Amino acid sequence: MDIADREDATSALNSFKATTIQSGHTVLLRLPSGETKGFKVEKDATISIGRVGSFRANELIGHPYGLTYEIRGKELTVQPPHTLQEVEETDATNELINDGEFVQPLTLGEIEGLKKSGVHASDIIKAQIEQHANYSLKTEYSKEKYKQRKEAKYSKTFSTVEPTIYNVCDHWFKKDQNRIRDIRPDTLSQILNLANVRPGGRYIVVDEASGLLVSAILERLGGEGRLISICDVDSPPAYPVMTLMNFRKDVVTDIHSSLNWATAQEDYTPVAAVAQESSSEVGKSERHRIRLDKRKNAADTLLNAREELFAGEFDALLIASDYDPLEILQNLNLYVAGSGSIVVQSPFSQPLTELQSKLRLDPGYLAPSITESWLRRYQVLPGRTHPTMSTSGSGGFLLHAIKVYDDPNASKVSSHRQPKRQK
């Protein structure tokens, strides 16, 4: 990709997602403890972050993501970036330290009094360090950990987190991984890679992971391409993950359509669209005309999405659902183009092993294989780089296969379509 193509891709992505915080956005805030929480930013509203404090939402509107703020009263002050410093090793050890009851003479009541009097968090931490009986006996690493624990407890700072699919997936995995079917960020990257999701592509997705797959594909498309999602509700589903992505609604509407399992069947007969009525028709209120226009637009959108789905030639089919994956494949495989990718995710290996054994007997699928991604996180600090003490057991299992045409004379998807019923 040359420089001009990169600039075009960057400008397309920026037009798809706002680069600054706007009113109506749901923004992830990283607290001093390292936890992330989502807050709705509305003009003239007040955002409360529990013990960290509260501030006016207008202080964030128009600012870029990634800045660190400190709450002072009801106002925010931008903080300089935190830099890593080398820790000098000494001969100190922790073996003579006795963390008893009287190691810290500064009582909880005195600390609360300092906080109420408006003393800065750094001064409170400094007072605790000065009065700590065994602080000088700690190693330099232990001193750093002690400071970090106190900062997480008393600091009134937070950082805004850029709404990338990695950050949003990591937030949901730590918050409630069952709602996203145990899909870790590394597993999600494998799904997108196996399905060859790219700008300008056309994809079908069955997403029961709270909209994680839909959000990831939309971000990768960058406003160019087509996505049709299949769900089991009549109206377009409310994906909680997509709320945090802050996509532009007009762009999403142009490239994403939703069908339920009934409307995704070719023998389904849609309810007749409401007949057009003249906007100047006498006796009809404005509210009634608006309602009729909405119904007609919804009916037209449904018909267009059905026609596009049945025309086929989609680049890939991505599935993350509790339903039987074989039945889903039998219903949607017809619309995947030759050499298109099929990716199925499951928190458990058993459904995928059964599916794999059946696909191996079908000449229409090439090389069905199952993989499980494994992730080990590391703490990366000067002189203190090591694996974390705990990690997630699994990010789920993936089955990947490539669709091929068993008929050597086939050249397009229509040759594999079921003939329409005679009326």
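Strands, like helices, are DSSP runs numbered from the N terminus (E, at least two residues, for strands; H or I, at least four, for helices). This is a predicted model, where local features need pLDDT of at least 70, side-chain atom pairs count only at pLDDT 80 or more, and totals for chains, interfaces and linings use all residues. Residues are numbered from 1 along each chain as its sequence is written, and side-chain values use heavy atoms, leaving out hydrogens and water.

Strand 10 pairs with strand 9 in the parallel sense over five bridges; to count as a pair, two strands need at least two DSSP bridges between them. Leucine 227 has histidine 256 of strand 10 as its bridge partner.

Zoom out and you'll find an open sheet of seven strands with mixed pairing, in the order 10-9-8-11-12-16-13. Its edges are strand 10 (256-260) and strand 13 (365-372), each pairing on one side only. From one strand to the next, the twist averages 15°.

Strand 12 (residues 336-346) and strand 16 (residues 397-403) run antiparallel, joined by six bridges.

Helix 7 (residues 212-221) lies across strand 8 (202-207), strand 9 (226-231), strand 10 and strand 11, and runs at about 160° to strand 8.

## Helix against helix

Helix 11 (residues 325-332) packs on helix 12 (residues 350-359) at about 45°, with the axes 9 Å apart. Helix 11 supplies Pro325, Leu326 and Leu329 to the contact, while helix 12 brings Pro351, Leu355, Lys358 and Leu359.

## Helix 4

The 15 residues of helix 4 (residues 140-154) should span 21 Å at 1.5 Å a residue, and the end C-alpha atoms agree at 21 Å apart; the expected span is 1.5 Å times one less than the number of residues. Ser142, Lys143, Tyr146, Lys150, Ala152 and Tyr154 of helix 4 are buried, and their cover includes helix 2 (108-116) and helix 3 (121-131).

Definitions and conventions. Axes fitted to C-alpha atoms, helices over the stretch in contact; angles between N-to-C directions. Contact = heavy atoms within 4.5 Å. Buried < 20%, exposed > 50% of the residue type's maximum accessible area, 1.4 Å probe, protein only.
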